[in-house]
Amino acid sequence: MIYIYNDFGGTHTTSLAAAYHLRLLELSVLTKNDILSVPYFNQLTKKEAGQILYRGMDEENNPVYTIGRRSSKYVVPALIDLCTILLRRYGEKEKVIISNTSPTVPPLMTAGGFLSRELGIDSIGVPLLVKGAQQCHDLIYHLVEETKQVSKASHEQVVVMENKKYQYQIGKKNILWKK
């Protein structure tokens with residue numbers, strides 16, 4: 001299996017998802033240091049959008065990647081087509097799971113990301129990002145766990161998960177996990 005986590009910038013929720021997937025983070029209260037030490041967290045720029053970044057191999061020897069798609073609605077369909085072409089061409093029995101982490105983003109993370117990555121105001125943006133990550137990390141953890149479950153249960157070679165049930169709501173401190 002190949003896992004690809006995607007969101008707008010590819011540097012916040014995708015980084016956390018990859019870290020949970022690779023067991024670099026545990027489900028617990030995350031400190032500022034835990035969050036800021038996650039590889040690529042708040043480090044990617046607009047120029048790196050669209051690049052598929054290898055994050056590591058999981059415990060079952062599956063590669064994990066991330067991509068920032070910015071506002072392009074064409075990135076995921078292009079990934080699906082490319083994966084389908086390559087899987088057909090080379091006759092692989094591999095599965096590709098494309099999982100959207102965007103629904104987990106709380107407003108504080110959106111504001112922090114804009115201030116830090118777009119405007120370069122880290123003194124305000126980074127604390128907002130940390131607080132936002134602390135708010136949504138449970139959602140991301142559960143999204144990753146469901147992504148792994150779906151990958152094992154699906155018979156499709158290319159699976160796209162929009163993950164809309166994980167949408168963050170203002171004012172909710174607990175996980176909003178609609179079934």
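**Contacts, helix packing and backbone features**

Leucine 22 is found in the loop that runs between helix 1 and helix 2. The structure described here is a predicted model. With a relative accessible area of 14%, leucine 22 is buried, because buried means under 20%. Setting aside residues up to four places away in sequence, leucine 22 touches Arg55, Gly56, Met57, Asp58 and Val64.

Aromatic contacts come next. A pair of aromatic rings is described by the distance of the centres and the angle of the planes. Searching the whole structure turns up two aromatic pairs. In the pair formed by tyrosine 20 and tyrosine 141, the ring centres are 5.4 Å apart and the planes stand at 80°, so the arrangement is edge-to-face. Tyrosine 20 belongs to helix 1 (residues 13–21) and tyrosine 141 to helix 5 (residues 122–153), so this pair ties together parts that are 121 residues apart in sequence. Tyrosine 20 counts as buried, at 1% relative accessibility. An aromatic ring also takes part in a contact of another kind: arginine 89 lies over the face of tyrosine 90, 5.5 Å from the ring centre.

Helix 5 also packs against helix 4 (residues 107–118), and the two axes come within 7 Å and cross at roughly 150°. That angle makes helix 4 roughly antiparallel to helix 5, because angles over 145 degrees count as such. The crossing of the two helices is left-handed. On the helix 4 side, the contacting residues are Leu108, Met109, Ala111, Gly112, Gly113, Leu115 and Ser116, and their partners in helix 5 include Asp122, Ile124, Val126, Leu128, Leu129, Lys131 and Cys136.

Finally, the backbone deserves a look. Most residues other than glycine have a negative phi. Asparagine 42, although not a glycine, has a positive phi of about 60°. This asparagine 42 sits in the loop between helix 2 (32–36) and strand 2 (53–57), and at 10% relative accessibility asparagine 42 counts as buried. Arginine 70 is not a glycine either, and has a positive phi of about 55°. The loop between strand 3 (63–68) and helix 3 (75–90) holds arginine 70. At 23% relative accessibility, arginine 70 counts as partly exposed.

Notes
Residues numbered from 1 in each chain as written. Predicted model: local features only at pLDDT ≥ 70, side-chain atom pairs only at ≥ 80, totals over all residues. Heavy atoms only, no water. Phe/Tyr/Trp six-rings, centres within 6.5 Å; stacked < 30°, edge-to-face > 60°. Helix = DSSP H or I, 4+ residues; strand = E, 2+ residues; numbered from the N terminus. Buried < 20%, exposed > 50% of the residue type's maximum accessible area, 1.4 Å probe, protein only. Lys NZ or Arg CZ within 6 Å of the ring centre and 35° of its normal. Axes fitted to C-alpha atoms, helices over the stretch in contact; angles between N-to-C directions. Parallel < 35°, antiparallel > 145°, perpendicular 65-115°, else oblique. Left-handed = near helix turned anticlockwise from the far one by under 90°. Contact = heavy atoms within 4.5 Å.
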